[in-house]
Amino acid sequence: MKRHSAKRDAILECLRSTTAHPTAEWIYTRLKPAFPHLSLATVYRNLAEMKRDGLIRSVGTVDGQERFDGTVAPHTHAVCSVCGKVIDVVSVSVPDGIIGDAERLTGFSLERAEMRFTGICPDCIGKKKENKNG
């Protein structure tokens with residue numbers, strides 16, 4: 001059983017209190033003022049443990065940095081290929097039967113399937129239009 005510490009609880013609360021899908025560095029920056037002795041290594045270690053324990057999930061790597069999500073219920077993400085913004089797409093899910101299809105093709109015993117969309121967010125589309133018209 002994991003020992004709970006104020007730092008560990010703060011890391012989890014920080015992650016669960018945002019929809020930004022932050023990096024470890026983002027969490028560290030937010031918590032450092034309240035926890036002066038917090039190290040970035042502590043944040044990374046705790047995130048890895050929480051991910052392994054199923055308390056959080058990884059959205060994957062965006063712009064070279066792993067992004068995290070405090071919502072572990074199955075849902076889809078959309079990632080902006082320009083600015084790296086990550087948002088939840090809650091009304092779209094992995095199609096039924098796809099895990100079974102993938103198991104038959106690979107021989108794996110699969111635990112879950114995740115879906116991620118990549119494109120350009122509305123803010124970046126707007127900036128692109130401004131630059132084109134400006």
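User: What covers the buried residues of α2?
Analyst: The cover includes α1, α3 (40–52) and β2 (65–69). This is a predicted model, where local features need pLDDT of at least 70, side-chain atom pairs count only at pLDDT 80 or more, and totals for chains, interfaces and linings use all residues. Residues are numbered from 1 along each chain as its sequence is written, and side-chain values use heavy atoms, with hydrogens and water left out.

User: How are the helices and strands assigned?
Analyst: They are DSSP runs numbered from the N terminus, with helices being H or I of at least four residues and strands E of at least two.

User: OK, which residues in α2 are buried?
Analyst: Ala-24, Ile-27 and Leu-31. Buried means under 20% relative accessible area, exposed is over 50%, and partly exposed is in between, using a 1.4 Å probe and protein chains only.

User: And where do they sit around the helix?
Analyst: Looking down the axis of α2, the buried residues fall within an arc of 65 degrees, so they line one face of the helix. The arc is that of the directions from the helix axis to the C-beta atoms. As background, an α-helix has 3.6 residues a turn, so residues three or four places apart point the same way.

User: At what angle do α1 and α2 pack?
Analyst: About 110 degrees, with the axes of helix α1 (residues 6–16) and helix α2 (residues 24–31) 10 Å apart. That makes α1 roughly perpendicular to α2. For the angle classes, under 35 degrees counts as roughly parallel, over 145 as roughly antiparallel, 65 to 115 as roughly perpendicular, and the rest as oblique. Axes are lines fitted to C-alpha atoms, for helices over the stretch in contact, and angles run from 0 to 180 degrees between N-to-C directions.

User: Is the crossing of α1 and α2 left-handed or right-handed?
Analyst: The crossing of α1 and α2 is right-handed. The near helix is turned from the far one by less than a right angle, clockwise for right-handed and anticlockwise for left-handed.

User: Which residues of α1 and α2 meet?
Analyst: On the α1 side they are Ala-10, Ile-11, Cys-14 and Leu-15, and on the α2 side Trp-26, Ile-27, Arg-30 and Leu-31. By class, the contact of α1 with α2 has seven nonpolar, no polar and one charged residues. Contact means heavy atoms within 4.5 Å. Nonpolar covers Ala, Val, Leu, Ile, Met, Phe, Trp, Tyr, Cys and Pro, charged covers Asp, Glu, Lys and Arg, and the others, Gly among them, count as polar.

User: How do α1 and α3 cross?
Analyst: At roughly 70 degrees, with their axes coming within 10 Å. α1 and α3 are therefore roughly perpendicular to each other. Arg-8, Ile-11, Leu-12 and Leu-15 in α1 meet Thr-42, Val-43, Asn-46, Leu-47, Glu-49 and Met-50 in α3. The residues in that contact of α1 with α3 split into six nonpolar, two polar and two charged.

User: And what about α2 and α3?
Analyst: Their axes come within 9 Å and cross at roughly 125 degrees. That makes α2 oblique to α3, and α2 passes α3 in a right-handed crossing. Ala-24, Glu-25, Ile-27 and Tyr-28 of α2 make the contact with Leu-40, Val-43, Tyr-44 and Leu-47 of α3. In the contact of α2 with α3, seven residues are nonpolar, none polar and one charged.

User: What does Arg-57 touch?
Analyst: Not counting residues up to four places away in sequence, Arg-57 touches several residues, including Arg-67, Phe-68, Asp-69, His-75 and Glu-114. Arg-57 is in strand β1 and is buried, with a relative accessible area of 12%. The C-alpha atoms of Arg-57 and Arg-67 are separated by 8.8 Å, with the two residues 10 apart along the chain.

User: Thr-61, where does that lie?
Analyst: Thr-61 lies in strand β1, and is partly exposed, with a relative accessible area of 49%. Thr-61 touches Glu-66 and Arg-116, not counting residues up to four places away in sequence.
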